Amino acid sequence: NGTDVPQLNSILNTPVAGFVAERNDGGLIAARGQIDIVGGPALIVSAPEPSTTPIDMSFTSLESRASLDGGVQLANASGNFQSKRTEVVDSQGTAIVVTGADDAALEANFGQTLIEATIDPATGDPVLAQGAGVVINDHDLGTTTFTTLNVTTTAGLGFQAINGGTVNFTTAPIINATGGAAVDIENTTGFTNGLAGFTFERLTSIDSADEGVRLVDMVSDFTVRGDTFIQDNSGFGIDIQGGDAVIIDFNEVNIVSRNNVGVQIADVAGVVKFANVDIDSDILDDQGVATPPTGFTDRPGGNAINILSTWDDGGRVELNGGIIRDATNDGIYIENSIATVQNMTITVSEVGDGLDQLDTDDGIQVVTSGTGSAIVLLQNNVIDHSVDDSLDPEAIEESELVGDNGIRLISNGVGTLNATILNNVIDSNDLLTFPADNIGALHATVESGTMHINVVGQN
């Protein structure tokens, strides 16, 4: 307690850790130095809650390799921390952790930051697992800065900031995560190169047990300049919930081999934009070969895209291009929201529930319910239904067909559904072999409330 280290100049190499001050509620000073450690974390500083430990620490570099317990951990610290260069390689724990007590205002700067796993050139596999990358939680009064941030994990999420105070990026990070979300941000303020908002260069999430990208209660704009790639996620591919009137802007998004809803946007107050979003419901085998779902049990869960309840908060969603392949539920489902869907190609695959029942799947379905309303612009989209060869039209009763349209509009509440439908190409010919009247290109139902439809051009 109260340890004063005026000059920490030596390079430390021990099998345990470089510098450890756990459950310390006294002050720590390190004027300069570097730590290079193999087999453990480079630095651990913590104070027992609700105490804080005041620190003033500056390092030329911090390096941790092959640690079983992360690389750098700062818990309940206040004051200033700086490392001009931070590297964590092959850490089975979380590489960088910053957490704070309610009154812990820490200014932490990790400088040029690299987190990665060593790859065996002969096999292409990681030599050791790299756990989660960066976790900044419950750090409301603090500021965390990265001059550069490049993260590659093999067994954990890439970047997480939940109630993380303020995060500064000097340059846009690149995040590649296997075994977790690429980014998970909630109620955290972001700046990139001095401008308000989070900006990332590229995002990748593979084999996440949860979401691929999670953005909840955003208080800052969010932009991905390059590609966002998500594969084999168990949760939503991209999950966007709530937040202030911010702008969330994705460029190229590719979601493949999904096991859940591809993109879910709910209760947003700002604008969510996708320049291009490709969602493929095909299943990838061990060799990466894609095959469409061939039966009811193979179908991924949920619609390809859900847009929910943006009306109340004035939020808006723009889908400006992309391809949805082999959707086995609705391609795009919109409820009580303001949305533009344009330049999309949507293929709905009717795989059925057994050989004698056709499931309810629409290319685009728009619904109003309760007190909500909807305003949608659907233009220049191509919507196609493909029917599983195993489905027998003669074995299906008309009562078993309850949907299956190119575009379906349902007013079921006290609000108003306003739909402008311009120059869409809808091919439902495969469905017309089935004995039903309520399938086809466009189907509108007013159960209650009000509906206004403006249809122009080829639909």
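Here is a quick briefing on the fold, the cores and a few individual residues of this chain. The model is predicted, and the mean pLDDT of the protein chain is 85, with 81% of its residues at 70 or more. It's a strand story: the protein chain has 46 strands and 0 helices. Of its 459 residues, 55% count as buried.

**Confidence**
- Two stretches call for some care. Over residues 398-402 the pLDDT is below 50, though this stretch still has 16 contacts in the model beyond near neighbours in sequence.
- Residues 431-438 also have pLDDT below 50, and that stretch has 27 contacts beyond near neighbours in sequence.
- Where pLDDT is low, the predicted coordinates should not be read in detail.

**Overall build**
- Among contacts in the protein chain with a separation of 6 or more, 74% are between residues 24 or more positions apart.
- The accessible surface of the protein chain is about 17,600 Å², and carbon and sulfur atoms make up 46% of that surface.

**Strand pairing around β19**
- Strand β19 (residues 174-178) runs parallel to strand β16 (residues 148-152), and 3 bridges join them.
- β19 also pairs with strand β24 (residues 202-206), again in the parallel sense, over 5 bridges.
- I175 is a handy residue to look at here: V151 stands opposite I175 in β19, and in β24 the bridge partner of I175 is L203.

**Nonpolar cores**
- The largest nonpolar core has 88 residues, and F81, F159, F222 and F250 are those with the most contacts inside it.
- Take F222 as an example: leaving out residues up to four places away in sequence, F222 touches V183, I185, F198, F200, L203, L215, I247, I248, D249 and F250.
- In soluble globular proteins, nonpolar side chains tend to be buried together.

**S220, a buried loop residue**
- S220 is in the loop between β25 (213-216) and β26 (222-231).
- With a relative accessible area of 8%, S220 is under the 20% cut-off, so S220 counts as buried.
- A polar atom of the S220 side chain lies 3.0 Å from the backbone nitrogen of G190.
- Setting aside neighbours within four places in sequence, S220 is in contact with T188, T189, G190, G197, F198 and V246.

**Two prolines in loops**
- P126 sits in the loop between β13 (112-116) and β14 (134-137), and P126 is partly exposed, at 37% relative accessible area.
- P126 and E116 are 10 residues apart in sequence, with their C-alpha atoms 9.6 Å apart in space.
- Not counting residues up to four places away in sequence, P126 touches A117, T118, I119 and T154.
- P50 is in the loop between β5 (43-46) and β6 (53-59). A cis peptide bond joins E49 and P50, with omega at about 5°.

- D207 is not a glycine, yet has a positive phi of about 60°. D207 is located in the loop between β24 and β25, and at 43% relative accessibility D207 is partly exposed.
- N336 also has a positive phi, near 50°, in a residue other than glycine. N336 is in the loop between β36 (332-335) and β37 (338-342), and N336 is buried, at 9% relative accessible area.

Notes
Residues numbered from 1 in each chain as written. Predicted model: local features only at pLDDT ≥ 70, side-chain atom pairs only at ≥ 80, totals over all residues. Heavy atoms only, no water. Core = buried A, V, L, I, M, F, W, Y, C linked by side-chain atoms within 4.5 Å. Buried < 20%, exposed > 50% of the residue type's maximum accessible area, 1.4 Å probe, protein only. Contact = heavy atoms within 4.5 Å. Helix = DSSP H or I, 4+ residues; strand = E, 2+ residues; numbered from the N terminus. Pairing = 2+ DSSP bridges. pLDDT = per-residue confidence, 0-100. Areas by Shrake-Rupley, 256 points an atom, 1.4 Å probe, with all protein chains shown as cover. Polar contact = N/O pair within 3.5 Å; in protein donor to acceptor, adjacent residues only side chain to side chain.
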